[in-house]
Amino acid sequence: MAVIDTIEVPTEIANWRPIMVIVNPKSGSGAGKQLLRNFRAHLHPAQVCDVLKSNMAASLRWIDDHPEVEVRILIAGGDGTICSALDQIDTLSRRIPVAVLPLGTGNDLSRWLKWGKKCGGDIDVIKLMEDIQEAEVTFVDRWTIDAESQKKVSRDEGT
């Protein structure tokens with residue numbers, strides 16, 4: 001894993017925010033592996049965390065070490081990967097905006113939040129990172145689901 005000693009914030013780019021990507025290469029029948037390669041081609045190695053080979057907690061530690069940097073995180077994987085990553089992110093000293101790229105078979109969280117059912121590995125990662133940079137942040141409490149919302153989701157999914 002790469003070690004980050006300093007972060008130089010580019011002055012010529014307004015609202016610069018680095019993106020950290022957490023990817024499960026086994027998700028999505030090969031889509032995760034392809035995405036991992038694509039992100040590695042465009043980002044610093046410290047910004048790309050392969051959940052099978054990296055210590056996610058160690059990879060996220062630089063966020064707490066550099067509170068002056070407004071980082072955003074993308075999690076690409078299935079429900080297990082997303083929940084595991086969110087658990088690690090919850091241990092950070094500050095709240096970080098997180099985007100999800102659903103690659104699993106169920107993708108229950110992504111479907112419930114209306115983020116989409118499934119993505120493939122052929123996504124334009126440059127466009128995706130631009131969209132994440134410009135995205136409006138919405139606060140979501142993943143542990144609290146009110147009964148009316150749950151009924152609506154059940155109706156929408158036909159269950």
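**Strand 3 and its surroundings**

Reader: Which residue is the bridge partner of Ile22 in strand 3?
Author: In strand 3 that partner is Ile75, and strands 1 and 3 pair in the parallel sense over five bridges. Strands here are DSSP runs of E with at least two residues, helices are runs of H or I with at least four residues, and both are numbered from the N terminus; two strands pair if DSSP finds at least two bridges between them. Please keep in mind that this is a predicted model, in which local features need pLDDT of at least 70 and side-chain atom pairs count only at pLDDT 80 or more, while totals for chains, interfaces and linings use all residues. Residues are numbered from 1 along each chain as its sequence is written, and side-chain values use heavy atoms, with hydrogens and water left out.

Reader: And how many bridges join strand 3 to strand 4?
Author: Five bridges join them, and the two strands run parallel. The chain gets from strand 3 to strand 4 through helix 3 (residues 79-90), and this β-α-β crossover is right-handed, a term that applies if, with the strands pointing away from the viewer, the path from the first strand over the helix to the second runs clockwise.

Reader: Is strand 3 buried or exposed, and why?
Author: Six of the six residues of strand 3 (residues 72-77) are buried, so the strand is largely enclosed by the rest of the structure. Buried means under 20% relative accessible area, exposed means over 50%, and partly exposed lies in between, with a 1.4 Å probe and protein chains only. Side chains in a regular strand alternate between the two faces of the sheet. Here both faces are covered, with Arg72, Leu74 and Ala76 on one side and Ile73, Ile75 and Gly77 on the other.

Reader: What stands opposite Leu74 in strand 4?
Author: That is Ala99, which is partly exposed because its relative accessible area is 22%. Leaving aside neighbours within four places in sequence, Ala99 is in contact (heavy atoms within 4.5 Å) with Ile73, Leu74, Ile75 and Ile132. From C-alpha to C-alpha, Ala99 and Ile75 are 6.3 Å apart, although 24 residues separate them in sequence.

Reader: Stepping back, in what order do the strands form the sheet?
Author: The four strands form an open sheet in the order 2-1-3-4, with parallel pairing. Strand 2 (48-50) and strand 4 are the edge strands, each pairing on one side only. Within strand 2, Ile22 has Cys49 as its bridge partner.

Reader: Which strands does helix 2 lie across?
Author: Helix 2 (residues 56-65) lies across strand 1, strand 2 and strand 3, and runs at about 170 degrees to strand 1. Such angles run from 0 to 180 degrees between N-to-C directions, and the axes are lines fitted to C-alpha atoms, for helices over the stretch in contact. Helix 1 lies across strands 1, 2, 3 and 4, at about 150 degrees to strand 2.

Reader: Changing topic, where is Ser27, and what does Ser27 touch?
Author: Ser27 sits in the loop between strand 1 (19-23) and helix 1 (31-42), and Ser27 counts as buried because its relative accessibility is 8%. Not counting residues up to four places away in sequence, Ser27 touches Gly32, Gly77, Gly78, Thr81 and Leu103. A polar atom of the Ser27 side chain lies 3.5 Å from the backbone nitrogen of Gly78.

Note on methods
Polar contact = N/O pair within 3.5 Å; in protein donor to acceptor, adjacent residues only side chain to side chain.
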